[in-house]
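The following exercises are to be worked through with the sequence and the structure at hand. Each task is followed by a solution in steps.

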Amino acid sequence: MFRLLKKFIRFLAPLLAVLVLFFALEPYDYYGWHGESNYTSRPLSAVRALLRGQPTGIVLGDSRMATLSEDYIRAVSGEDYCSLAFGGAQLGECLSLFWYAAQHTQLERVVLGVSFYNMGGTQDGGRIPGVLRQADSVYGFVSNFNHWLEAFNTLKYKTQNALGTALGRADWLWYPEDPTRFEALPVSDARGDVYRADLEDYAQTIRAMTGADFHIEDATYEALAAVIDYCDANGIELTIVLPPMHVSIFTDVVEPLGLAEELNRLRGFVAARVVVYDFEYPNAFTENEDNFYDGFHLQGPQKQLLIDVIFGNASFDCVRITRP
């Protein structure tokens, strides 16, 4: 019996060693062992952070909300927030994450970013059911071969960085994407007309993706109303944010596609029920191209400003705040 046990341990030891190495390298920080996860690993890494940290506040939305720094939000608000926002998130996916968070944590505060760009057409859970299955099942996570490839890539980059540092080769160094940083990102070398042209090209891309038949379905309003009702019934402070977008999105997308009426309907719907921070209208801030990296995304200092306004009640002239 003892010999059999020794053989079993010898058989199991390499497998356990490989698993330990996998969890030390995978970019999702599934168990929080290495204390950091890549931005591109959201929303799975964010859901796991939610389960580990049990925060009382969450942030939901697409990349415009995902670029808001959790650390700075906590510093400004004095409250514990976990950001479940991620790039390309549709409203239906955000609401699915809300319901999951409501079931697994004692929520007190929710900040939800909404925009025409993530509300059009049929809204459902999208990618979130698969994400939650992996968040709830370590087997589901480990058995995903893509995660092993990502762990291997992490090992490759760490080795590359170590060699680059040792040999003084800065061009070898690799840094994971982190759009929550406050440093301004590089834009066109020539500003003025050239940068403006970049913004207009971006707007044309957004216009093509939005489509001439854009509309927000009644079912989407009903799903949003269900979340508002739940928050009301359970004493959860819900704040809705309409993030800023450069004026080129208004002139080249909203106006040509006739979206103004739909956007006003959305504003009226949320303003009647919850606190709303509306940055999504032409003003001095949205007309200044220096504030934007592209038509939707802010430069670093402006992201910091947004956090100060939403979470720190800082005074700002270019926001419409409504309370029911």
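**Exercise 1.** Determine in which helix leucine 12 is found, and decide whether leucine 12 is buried, partly exposed or exposed.

*Solution.* The model under study is a predicted one.
Step 1: Leucine 12 belongs to helix H1, which covers residues 2-25.
Step 2: The relative accessibility of leucine 12 is 26%. Buried means under 20% and exposed means over 50%; leucine 12 therefore counts as partly exposed.
Step 3: Aspartate 201 stands 189 residues apart from leucine 12 along the chain, and their C-alpha atoms are separated by 56 Å.

**Exercise 2.** Describe the largest pocket and its lining.

*Solution.*
Step 1: The space in the largest pocket amounts to about 930 Å³.
Step 2: The lining consists of 37 residues, of which Gly35, Glu36, Ser37, Asn38 and Tyr39 are the closest to the centre of the pocket.
Step 3: Two or more lining residues come from each of H1, helix H2 (44-53), helix H4 (70-77), strand E2 (81-83) and helix H8 (145-167). H2 gives the most, with five residues.
Step 4: Sorted by class, the lining holds 13 nonpolar, twelve polar and twelve charged residues.

**Exercise 3.** Carry out the analysis for the second largest pocket.

*Solution.*
Step 1: The volume of the second largest pocket is about 220 Å³.
Step 2: This pocket is lined by 14 residues, and Tyr81, Glu237, Thr239, Ile310 and Phe311 are the closest to its centre.
Step 3: Strand E3 (109-113), strand E4 (237-242), strand E5 (275-278) and helix H13 (300-312) each give two or more residues to the lining. E3 gives the most, with three residues.
Step 4: The lining divides into seven nonpolar, three polar and four charged residues.

Methods: Residues are numbered from 1 along each chain as its sequence is written. This is a predicted model: local features need pLDDT of at least 70, side-chain atom pairs count only at pLDDT 80 or more; totals for chains, interfaces and linings use all residues. Side-chain values use heavy atoms; hydrogens and water are left out. Helices (H or I, at least four residues) and strands (E, at least two) are DSSP runs, numbered from the N terminus. Buried means under 20% relative accessible area, exposed over 50%, partly exposed in between (1.4 Å probe, protein chains only). On a 1 Å grid over the protein atoms alone, a cavity is a set of points where a 1.4 Å probe fits but cannot get out, and a pocket is an open set with protein on both sides within 12 Å along at least five of seven lines; lining residues have an atom within 4 Å of a point. Grid points are joined across faces, edges and corners, and a volume is the space filled by probe spheres set on the points. Ala, Val, Leu, Ile, Met, Phe, Trp, Tyr, Cys and Pro count as nonpolar, Asp, Glu, Lys and Arg as charged, and the others, Gly among them, as polar.
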